[in-house]
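Dear colleague,

I am handing over the structure we spoke about, and below it I set out what turned up when I went through it.

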Amino acid sequence: MPVLQFKGKTAIECYHHTVPHHTLEFDAKLSVLRKREKPGLDGNLIIEGDNLITLKALLPTHAGRIKCIYIDPPYNTGDEGWVFNDNLTQPQFKEWIGQTVGKEGEDATRHDKWCCMMYPRLLLLKELLHDDGVLFVSIDDKELKNLWFLLEEIFGPDCFIACMIWKARQYPDARATSGVSIDHEYILAFGKKNSTRLRGGERDETKYANPDKDPRGPWMSRSILGLAPKERRPNLHFTMTDPDTKWTFDPPPETGWRYEPPTMNRRIMEKRILFPPTRNGRPREKVFLKELQTKFPGLPSIIVSPFTADGTQQIREIFGSGVFSFPKPSGLIRNLIEQSTDEDSIVLDSFAGSGTTAQAVLELNKEDGGNRRFIIVQQPYDTKVNEKEKFNICERISAERVRRVIEGYKFTGTKEEILLEEKVTMTALRRADEILKHVEVLKTDSAKKFDEIKAECDQGMVRVIGKKEVKGKTEGLGGSFTYARVDKPLFGEYRDWGNQSPPYEELATYIFYTETSQTFDRTAMNEKTGKIGEHRGTSYYLLYTPDGQEDRRLDMGWLKGLDKAEKNRNLVVYCEKIWVHRDDLEKFAQETKRKVRPMIVPFNLK
């Protein structure tokens, strides 16, 4: 499988393993809690902090529990002002840290920085995802190809579910310098397992009726033409006879019929074939609603609504102004959550922005009575401008939005109501006059109720929309959340010890917990062999001497001398020096069926 190479990849492939575990500090004053409810990790969570550190902090309590992850990372357009802040110690990253990522043509490593930012976060998100869970990632053309490569490498190409195209822009962009209005964005969906699927779209059951009182219930008609010309499928080209009128019907030579003669005759006997009232017509067949195998047909990969403008309107309604640029509409994310969760699932968004995902969860719970929980993560400052102005996005936008949505908020602005929405089909076109008359009647009858009524035909849909300037209070959706901040590392940083190195057992404890999120069992530690424990089919080793008298290195000699009692096929080896090449490890894996991940001891040991 082709993999993406980028500057810094070798340093960040295992970086997430060395990120220290941090605790979470609860802030009861910024939380919205029910009566007698205490802040905690079991309910809805809004977490302020760097999302890489936060994801690592969630592993001990939430690994394998998240059913739906939706993220909307920086699109790397060059206009977002996002800053690379991962605390990597390698010299090649020194000039990146704390710097705003530049625009195309100005910053030669902007795509490398984006990949280095995303890679460890995607690895941690995979660990948090439920075995049947789904990851959705919004992106545009700038990083689509890089993101796709990263997801295939981390999740596996077989775990790809869909690349959905979302029509984000409602009206063409007249300012487009290329002459092309870029109206769409993408949503990539990957599962934890290759068997994961989405629920599917809603079936339009209004097409089914029972005008002839068929005992098999409501039905709709469909074509029985095939897809193959006579030279390819001669068995599908034959003459059909209406048993009542004795009229005969032949298929077009380029298609044939859908069924072979035996099947077609059986369907005629079962009165499933609808013969036309004239010789010039064409037979069709009945499809009965109750015989359909699934209630949910395939979900369209093209999402035509809602639009970015709807998300902007939501923000204006909640805050009274556009305090956040280009927010996703809650309806978009609500549909994704509905496709991938049960009524008690956990939903995670680690690039929370304005908090849309939290609102989407609350809306869906209100709609179907579910008890889904959300975890949204937002760093306090997205840009240097935010930091300079001390404008805490998580506190003042993300959490404040969720608070208002839960409790209700005063609203001043324009309310829209869809009075008519009808898909333009051939059937609808036949009754176009009737639809147009209905539109005019609606406009007349609703004139006193709305300040403005407009009719539009867009993306194959006819809509009549009423607009009205209103003042009032929007009813709250109910719910609660705990506001938390990333606090201190769970274990102290040994970098502050100067010339003193940590004892072997303490370093083993730190490494084992950082890797597995499990409590360390010192009785399983063997300092002589270097093995410090096992977890889920992986053995962990620490080759390290606290006194510094001996450099314990990972080389082919050590690998070949592995204890024969070692049964696990996956090995993680922390060492002071790595004297083995990646090619040697691949050859070793082929010969012994043992996969080794080498790691440098994560402290500056003297």
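A residue is called buried when its relative accessible area is under 20%, exposed when that value is over 50%, and partly exposed in between. Lys193, at 34% relative accessibility, is therefore partly exposed, and please keep in mind throughout that this is a predicted model.

In a second pair, Arg222 and Glu285 bring their closest N and O atoms to 2.8 Å; because Arg222 lies in strand β9 and Glu285 in strand β13, the bridge ties together parts that are 63 residues apart in sequence. Here Glu285 is buried at 0% relative accessibility, while Arg222 is partly exposed at 33%.

Within helix α12, Glu400 and Arg403 lie 3 residues apart, about one turn of the helix, and form a salt bridge with closest N and O atoms 3.3 Å apart.

As for helix packing, the axes of α9 and α10 come within 8 Å and cross at roughly 65°, in a right-handed sense. By class, their contact has 5 nonpolar, 4 polar and 4 charged residues.

Key: Residues are numbered from 1 along each chain as its sequence is written. This is a predicted model: local features need pLDDT of at least 70, side-chain atom pairs count only at pLDDT 80 or more; totals for chains, interfaces and linings use all residues. Side-chain values use heavy atoms; hydrogens and water are left out. Axes are lines fitted to C-alpha atoms, for helices over the stretch in contact, and angles run from 0 to 180 degrees between N-to-C directions. Helices (H or I, at least four residues) and strands (E, at least two) are DSSP runs, numbered from the N terminus. A crossing is left-handed if the near helix is turned anticlockwise from the far one by less than a right angle, and right-handed if clockwise. Ala, Val, Leu, Ile, Met, Phe, Trp, Tyr, Cys and Pro count as nonpolar, Asp, Glu, Lys and Arg as charged, and the others, Gly among them, as polar. Buried means under 20% relative accessible area, exposed over 50%, partly exposed in between (1.4 Å probe, protein chains only). A salt bridge is a side-chain nitrogen of Lys or Arg within 4 Å of a carboxyl oxygen of Asp or Glu.
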